[in-house]
Amino acid sequence: MEKVKSFHVSRKVIWGSSVALAILASIPKLFDAASTPGDIVINSSITLMFSIFIWYYNIYSLPKFSSQRTNTNLFNWKLLLSVLLGIAVMVILVIGHQELFQISKMDAPIMFELRGILINLIVYMFLHLLFQNYQTQQMGVELERTHAVNLGAQYELLKQQVNPHFLFNSLNTLKSMVEIQDPQSADFILKLSDFYRFTLESRKLDLIPLKEELQILDSYVYLLKARFEDGFVLVNEVDKKQYDSVIPPFTLQLLIENCIKHNVVSLDKPLQIKLYSENDFLVIENPIQLKRGVLSTGVGLDNINQRFMHLIHKEIEIDKTETIFKVKIPMIYDYYNN
């Protein structure tokens, strides 16, 4: 998990700005013929020490260093307290330097106080704007982290989504085959076993090679053929050059299951599904021969789309005409399972 970045102000900023303010405060003295180098140094040192104090005081009065909640209003009681404390500190610095160095050409105390208030306001506003920007960024990071955790949880559910109705239908088909002593019963059991073994092995992975997905699909199609016989036809025209790409496990199974759910599948009206590659997409195409009374909620396709968005931030594409329905899923070549 990404480490939360703490708020801090560089010492270079604190000391650099303080020195710059001290230099600015000394400029008027340079044009005063009555001023001595000592006057300039003392006046500048007061500004320097005051600026550094104000920086650190305001930094440690931020909500980060206290249990108080953040106030989004820039002008509040903390600003008043900072200004009052700044005035008191400035008075102490001025009196202390006058007593210690006995320099008479220092600026008038009122000028120091005005300068102090100005410095205080500049530092306070700049620092609090920085801190509010930091908090906004942290909220954004936290929202992204929460969203990622939520997507991860959803994706884990999606990976484990194997329609239980398919198992029930397969068992019913097996029951019928056993009752009529169908010689294909043993093969059916083996294919059913293979399919659910693949299910248990692949559900732990985010992606599997397309070649393995097609092997799972072969077992799945065998089970469907046992149920629908020639009423179901799958034509695989995927270019073998694409077999090294990867795909979320059971994507093809869920798409074919979606086709069967919404379309008529019978010997009189066979459902032929085509599987082929087109540019950077894998295409699943079927004729539209909708069942009566079946309403499409779009949940199945939305789940598949969420899987691709979660993994590679790409969406599936859907092309629909009056007679043909196509789902295009992005080819994935560069990805490593977590």
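1. A contact here means heavy atoms within 4.5 Å. On that basis, residues 24 or more positions apart account for 76% of the contacts in the protein chain with a separation of 6 or more. The model is a predicted one, and the points below should be read with that in mind.

2. Overall content. The protein chain has 338 residues, of which 40% are buried. Its secondary structure consists of 9 helices and 7 strands. The accessible surface of the chain is about 20000 Å², and carbon and sulfur atoms supply 61% of that area.

3. Confidence. The mean pLDDT of the protein chain is 75, with 71% of the residues scoring at least 70. Where pLDDT is low, the predicted coordinates should not be read in detail.

4. The sheet. An open sheet is formed by 5 strands in the order β2-β4-β5-β7-β6, with mixed pairing. Strands β2 (232–237) and β6 (317–320) stand at the edges; each has a single partner strand, so one side of each is without a neighbour in the sheet. From one strand to the next, the twist averages 15 degrees.

5. Strand β5 and its partners. β5 is mostly covered, with 5 of its 7 residues buried. Strand β4 (residues 271–278) pairs with β5 in the antiparallel sense over 5 bridges. With strand β7 (residues 324–330), β5 also runs antiparallel, and 7 bridges join the two. Strands of a sheet pair through backbone hydrogen bonds, either parallel or antiparallel.

6. On the β7 side, P287 has I324 as its bridge partner. For anyone checking side-chain placement, the general rule is that in a regular strand the side chains alternate between the two faces of the sheet.

7. Helices against the sheet. Which strands does helix α7 (residues 210–228) lie across? They are β2, β4 and β5, and α7 runs at about 160 degrees to β2. Helix α8 (residues 251–262) lies across β2, β4, β5 and β7, and its angle to β4 is about 145 degrees.

8. The structure holds 5 salt bridges. One of them joins E278 and K328, whose closest N and O atoms are 2.9 Å apart. This pair links distant parts of the chain, since E278 is in strand β4 and K328 in strand β7, 50 residues apart. Are the two residues buried or exposed? E278 has 27% relative accessibility and so counts as partly exposed, while K328, at 11%, counts as buried because the limit is 20%. E278, D319 and K328 are linked in a network of salt bridges.

9. Other salt bridges. In helix α5 (residues 164–179), E179 and K175 lie 4 residues apart, about one turn of the helix. These two form a salt bridge, with the closest N and O atoms 2.6 Å apart. E179 counts as exposed because its relative accessibility is 54%. D230 and K225 also meet in a salt bridge through their side chains, at 3.9 Å from N to O; the cut-off for a salt bridge is 4 Å. D230 has 55% relative accessibility and therefore counts as exposed, whereas K225, at 31%, counts as partly exposed.

Notes:
Residues are numbered from 1 along each chain as its sequence is written. This is a predicted model: local features need pLDDT of at least 70, side-chain atom pairs count only at pLDDT 80 or more; totals for chains, interfaces and linings use all residues. Side-chain values use heavy atoms; hydrogens and water are left out. Buried means under 20% relative accessible area, exposed over 50%, partly exposed in between (1.4 Å probe, protein chains only). Accessible areas come from the Shrake-Rupley method with a 1.4 Å probe; for residues, only the protein chains shown count as cover. pLDDT is the predictor's confidence in each residue, from 0 to 100. Two strands pair if DSSP finds at least two bridges between them. Axes are lines fitted to C-alpha atoms, for helices over the stretch in contact, and angles run from 0 to 180 degrees between N-to-C directions.
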